[in-house]
Amino acid sequence: MTRSLSPIIRTRRWHRLLMWVIGLQMVIWAISGSYFALMNIHFIHGDHLVAPPSRPLSAESYRVPFNDLRARYPDATGFSLTRIADQPVIQMTIQGQQRLLDPQTGAPLPPVSESLAKRIGQQAYQGSGTLSAVTLLTDTAPSELSPRHLPTWRLDYDDWGQTSLYISQLSGELVTKRHRYWRWFDQLWYLHILDYDDGEDLNNLLLRTAACLALAGTLSGALLLWFRLRRRS
C-alpha cells in the first residue's frame, strides 16, 4: 500500500516547482522596482538637461490681429505666442498639429531647418557634452519617441548620459528629451510589467499569470516556514 505524501513534502515540492517557474521574474521585479524607487523621477525625465522656458512675450511682439488669423485659418483650433530661438512666432494648432506663423503678417513659416534646430538645441541643452549628430526623422520613430511627434529633428550629444533632444520640425518645440538612465528605466519597465509591445498594458494576461504564480510561491514558502516553526515548538 502506497503511503501518501505528508503535507510538508507536498508543499515543499510545489514551492520548488513554483520558484523554478517564477523565480527569475521575481528577481527582475526586485531589481526593476529598486531602480524605480531609488531614481529621482525628475532626473529620469531629464529635467536637469534643459533650460527652463524663456520669459513670456508681450502683446507688442506681434501685430497681426487675432480676428484676421481666425478668418484666414478657419480650421485652426488654437493660436499661441511663443519664442523659437529667441524669435517670436505664432504657433497655430490645426488638425491636431502645430504650425508656425509669422507674428507680423500671419503668413505660414517654413518647417524648422537643421540650422534652426541646432540653435534651439543650443539654447535648451544644459549638459556638458557637445553636439555629435543631427538627424531628421520623418517616417519611423525610435521606440523612445512617440510617432505623433514626427517629423522631428533628433540632436545627439556626446555627454555621459548619451543625451538626445527631439525638436518638432513643424512647431520648433522640444517635444521630449532622452538619456541613458531614462532608456534603462524604459527597458526595466517593459520587463517589470511583462508588456513587450508598448509598455502601457498593466493588466495583460502574462503579468496576471506571473503575479498569481508569485503569490502562490510566496504563500507556499510561508506555509513551509510555519511547518518548520511548528515542529520546533
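A charge is taken to sit over a ring if NZ of Lys or CZ of Arg is within 6 Å of the ring centre and within 35 degrees of the ring normal. Arg178 meets this description, lying over the face of Trp182 at 3.8 Å from the ring centre. The model is predicted, and local features need pLDDT of at least 70, side-chain atom pairs count only at pLDDT 80 or more, and totals for chains, interfaces and linings use all residues. Residues are numbered from 1 along each chain as its sequence is written, and side-chain values use heavy atoms, with hydrogens and water left out.

Helices (H or I, at least four residues) and strands (E, at least two) are DSSP runs numbered from the N terminus. Helix H1 (residues 7-38) comprises 32 residues. Its end C-alpha atoms are only 41 Å apart, short of the 46 Å that a straight helix would reach at 1.5 Å a residue; the expected span is 1.5 Å times one less than the number of residues. H1 bends by about 55 degrees at Ile22, the bend being the angle between axes fitted to the seven residues ending there and the seven starting there. Buried residues of H1 include Ile8, Leu18, Ile22, Trp29, Tyr35 and Phe36 (buried, under 20% relative accessible area; exposed, over 50%; partly exposed, in between; 1.4 Å probe, protein chains only). The buried residues of H1 pack against helix H2 (41-44), helix H5 (180-193) and helix H6 (205-232), with contact meaning heavy atoms within 4.5 Å.

In H6, by contrast, the 28 residues should span 40 Å at 1.5 Å a residue, and the end C-alpha atoms are 41 Å apart, which agrees. Leu207, Ala210, Ala214, Gly217, Ser220, Leu224 and Phe227 are the buried residues of H6, and their cover includes H1 and H5. At the start of H6, a side-chain oxygen of Asn204 reaches to within 3.2 Å of the backbone nitrogen of Leu206. This is a polar contact, defined as a pair of N or O atoms within 3.5 Å; within protein, one must be able to donate a hydrogen and the other to accept it, and residues adjacent in sequence count only if both atoms are side-chain atoms. Asn204 lies in the loop between H5 and H6 and is buried, with a relative accessible area of 10%. Beyond residues up to four places away in sequence, Asn204 touches Ile193, Leu194 and Asp195.

Leu194 lies in the loop between H5 and H6, is buried at 8% relative accessibility, and has a positive phi of about 55 degrees although it is not a glycine. Gln95, in the loop between strand S2 (87-94) and strand S3 (97-101), also has a positive phi, near 55 degrees, but is exposed, with a relative accessible area of 73%. A cis peptide bond, with omega about 0 degrees, joins Leu150 and Pro151.

The structure holds nine aromatic pairs. Rings of Phe, Tyr and Trp (its six-membered ring) pair if their centres lie within 6.5 Å; planes under 30 degrees apart count as stacked, over 60 as edge-to-face and the rest as tilted. Tyr125 and Tyr157 are stacked, at 4.0 Å centre to centre and 10 degrees between the planes. Tyr125 lies in the loop between helix H4 (114-124) and strand S4 (131-137), and Tyr157 in strand S5 (residues 152-157), 32 residues apart. Both tyrosines, Tyr125 and Tyr157, are buried. The rings of Tyr181 and Trp184 form an edge-to-face pair because their planes stand at 80 degrees, with centres 5.1 Å apart.
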